[in-house]
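The following exercises concern a single protein chain.

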Amino acid sequence: MASIKAAVWSLLSGGFVYLYMTNHFIKANWVALIWIVLFALQTTISATKKGTTEHR
């Protein structure tokens, strides 16, 4: 699972840099937006998993 996450982050980062450096700014902004949303989602899920200490 960790290698899949690493591959996704690498592809998004590399895609953003490629698009930005080749003057495809609008597409680069969409990739950056996806990167930000996925990062926020991952951070939220991670914090939620660490915060649930109650036992049912």
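**Exercise 1.** Is V17 buried, partly exposed or exposed, and what is the relative accessible area of V17?

*Solution.* The model is a predicted one. The relative accessible area of V17 is 46%. A residue counts as buried under 20% and as exposed over 50%, with partly exposed in between. V17 is therefore partly exposed. As to its place in the fold, V17 belongs to helix α1. A further step relates V17 to V31: the two residues are 14 residues apart along the chain, and their C-alpha atoms are separated by 9.6 Å.

**Exercise 2.** Describe the secondary structure and the overall exposure of the protein.

*Solution.* The protein has two helices and zero strands. Helix α1 covers residues 2-21, and helix α2 covers residues 25-51. Of the 56 residues in the protein, 9% count as buried. The accessible surface amounts to about 4,900 Å². Carbon and sulfur atoms account for 72% of that surface.

**Exercise 3.** Determine which residues line the largest pocket, and classify them.

*Solution.* Begin with the volume: the largest pocket holds about 180 Å³ of space. Its lining consists of K5, V8, W9, L38, L41, Q42 and I45. Next, assign the lining to helices. Both α1 and α2 supply at least two residues each, and α2 gives the largest share, with four residues. Under the classes used, Lys counts as charged, and K5 is among the lining residues.

**Exercise 4.** Which residues make the nonpolar surface patch, and which helix gives the largest share of the patch?

*Solution.* The patch is formed by M1, I4, V8, I34, L38, L41 and I45, and its area is about 650 Å². At least two of its residues come from each of α1 and α2. The largest share, four residues, is supplied by α2. Comparison with the pocket shows that V8, L38, L41 and I45 occur both in the patch and in the pocket lining.

**Exercise 5.** Where does L41 lie, and why does L41 count as partly exposed?

*Solution.* L41 is located in helix α2. Its relative accessible area is 48%, so L41 is classed as partly exposed.

Key. Residues are numbered from 1 along each chain as its sequence is written. This is a predicted model: local features need pLDDT of at least 70, side-chain atom pairs count only at pLDDT 80 or more; totals for chains, interfaces and linings use all residues. Side-chain values use heavy atoms; hydrogens and water are left out. On a 1 Å grid over the protein atoms alone, a cavity is a set of points where a 1.4 Å probe fits but cannot get out, and a pocket is an open set with protein on both sides within 12 Å along at least five of seven lines; lining residues have an atom within 4 Å of a point. Grid points are joined across faces, edges and corners, and a volume is the space filled by probe spheres set on the points. Buried means under 20% relative accessible area, exposed over 50%, partly exposed in between (1.4 Å probe, protein chains only). Accessible areas come from the Shrake-Rupley method with a 1.4 Å probe; for residues, only the protein chains shown count as cover. Patches are made of residues with over 30% relative accessible area and no salt bridge: like charges are joined within 9 Å, nonpolar side chains (Val, Leu, Ile, Met, Phe, Trp, Tyr) within 5 Å. A salt bridge is a side-chain nitrogen of Lys or Arg within 4 Å of a carboxyl oxygen of Asp or Glu.
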